[in-house]
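The following note was prepared for a colleague who wishes to review the fold of this model. Please read it with the coordinates open.

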Amino acid sequence: MKNISISNFLGIGLLGVDIADDAVRVVELRRRRGKLSCRHCGAAALAPGVLLEGNVEDMQGLADALRQAHRDSGSTCTRVALAMPATALITHAIRLPAGLPEEQLEILVELEAGQYMPFALEDASLDFFILGPAPPLPGTTGKEVDVLLVAARRASVQRRLDATRAAGLLAVVMDSEALALQAALAQGGWQALPDGGVAYQLAWGLALHRYAR
């Protein structure tokens, strides 16, 4: 879920930051002759109990690990892309009229979201993704699009942002782990990282936001 615009950050440094249960991992990419490679990467262990089922329980512990992973990477970049885990997200596919401007889509998404939230809408951080044209339904003539609604508790998102800020970093992207992994698998390149790069897939996918993915 990208609830922060990155249009002003393209072309400058961006760290992909994976906050896992066991560790924080970071990746910064560079492009040379059309190919992406790792410019910096680093990791720091997370003490047990810092995260519980994707929720930040020890914000200072997370901030310390973020700071250490950043230092371990050797990067001087302080702008970061984060992700929310699937356990912290609510997703639902909805159909909306095609061809609407983004402002109207946002209004309709918010109206639809109220039906699916197990908590108050004002406590939610919302985003949406247009998946593509929706197949026509019997008896309908207007064109529609399939839209993926994504929501998380605002407090859960804010705790990650606060820990990042406490570590001296600036979050400019908030994505979903599933979408970041999908982007990494589609693009590749992470295999050259330590131990085959599997542990760095998510951070790599988030770092791809520098190049508008």
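This is a predicted model: local features need pLDDT of at least 70, side-chain atom pairs count only at pLDDT 80 or more; totals for chains, interfaces and linings use all residues.

1. Basis. Residues are numbered from 1 along each chain as its sequence is written, and side-chain values use heavy atoms, with hydrogens and water left out.

2. Overall form. The protein chain has five helices and ten strands; these are DSSP runs numbered from the N terminus, with helices being H or I of at least four residues and strands E of at least two. Along the principal axes, the C-alpha atoms fill a box of roughly 60 × 45 × 30 Å. Buried residues account for 46% of the 213 residues; buried means under 20% relative accessible area, exposed over 50% and partly exposed in between, with a 1.4 Å probe and protein chains only. Among contacts (heavy atoms within 4.5 Å) with a separation of 6 or more, 67% join residues 24 or more positions apart.

3. An open sheet of five strands has the order 3-2-1-6-10 and mixed pairing; two strands pair if DSSP finds at least two bridges between them. Strand 3 (35-45) and strand 10 are the edges, each with a single partner strand, so one side of each has no neighbour in the sheet. From one strand to the next, the twist averages 25 degrees. Angles run from 0 to 180 degrees between N-to-C directions, and axes are lines fitted to C-alpha atoms, for helices over the stretch in contact. Strand 6 pairs with strand 10 in the parallel sense over six bridges, and V80 has A171 in strand 10 as its bridge partner.

4. Helix 1 lies across strand 1, strand 2 and strand 3, at about 135 degrees to strand 3. Helix 3 also packs on the sheet, where it touches strand 1, strand 6 and strand 10, and its direction makes about 150 degrees with that of strand 6.

5. Strand 1. How many of the residues of strand 1 are buried? Five of its five residues are. L15, V17 and I19 point one way, while G16 and D18 point the other way. In a regular strand the side chains alternate between the two faces of the sheet. Strand 1 and strand 2 run antiparallel and are joined by five bridges, forming a hairpin with three residues between them; D18 stands opposite R25 in strand 2. With strand 6, strand 1 pairs in the parallel sense over two bridges, and L15 has V80 as its bridge partner there.

6. Three strands form an open antiparallel sheet in the order 7-9-8. Strand 7 (89-97) and strand 8 (124-133) are its edge strands. Nine bridges join strand 7 to strand 9, and R95 is opposite D146 in strand 9. Helix 2 (residues 102-113) packs on this sheet, touching strand 7, strand 8 and strand 9, at about 125 degrees to the direction of strand 7.

7. Nonpolar cores. A nonpolar core is a set of buried Ala, Val, Leu, Ile, Met, Phe, Trp, Tyr and Cys residues joined through side-chain atoms within 4.5 Å. The largest has 31 residues, of which V17, I19, V24, L46, L62, L66 and L82 touch the most other members. Elements supplying at least two residues each include strand 2 (23-32), strand 6 (79-84) and helix 3 (154-166). Helix 1 gives the most, with five residues. Leaving aside residues up to four places away in sequence, L82 touches residues including V17, I19, L161, V173 and L206. A second, separate core of 13 residues includes M117, A124, F128 and V145.

8. C38 is partly exposed, at 22% relative accessible area. C77 is also in no disulfide, its nearest cysteine sulfur, that of C38, being 13 Å away. C77 counts as buried at 10% relative accessibility. By this rule the disulfide count is zero.

Definitions and conventions:
A disulfide is a pair of cysteine sulfur atoms within 2.5 Å.
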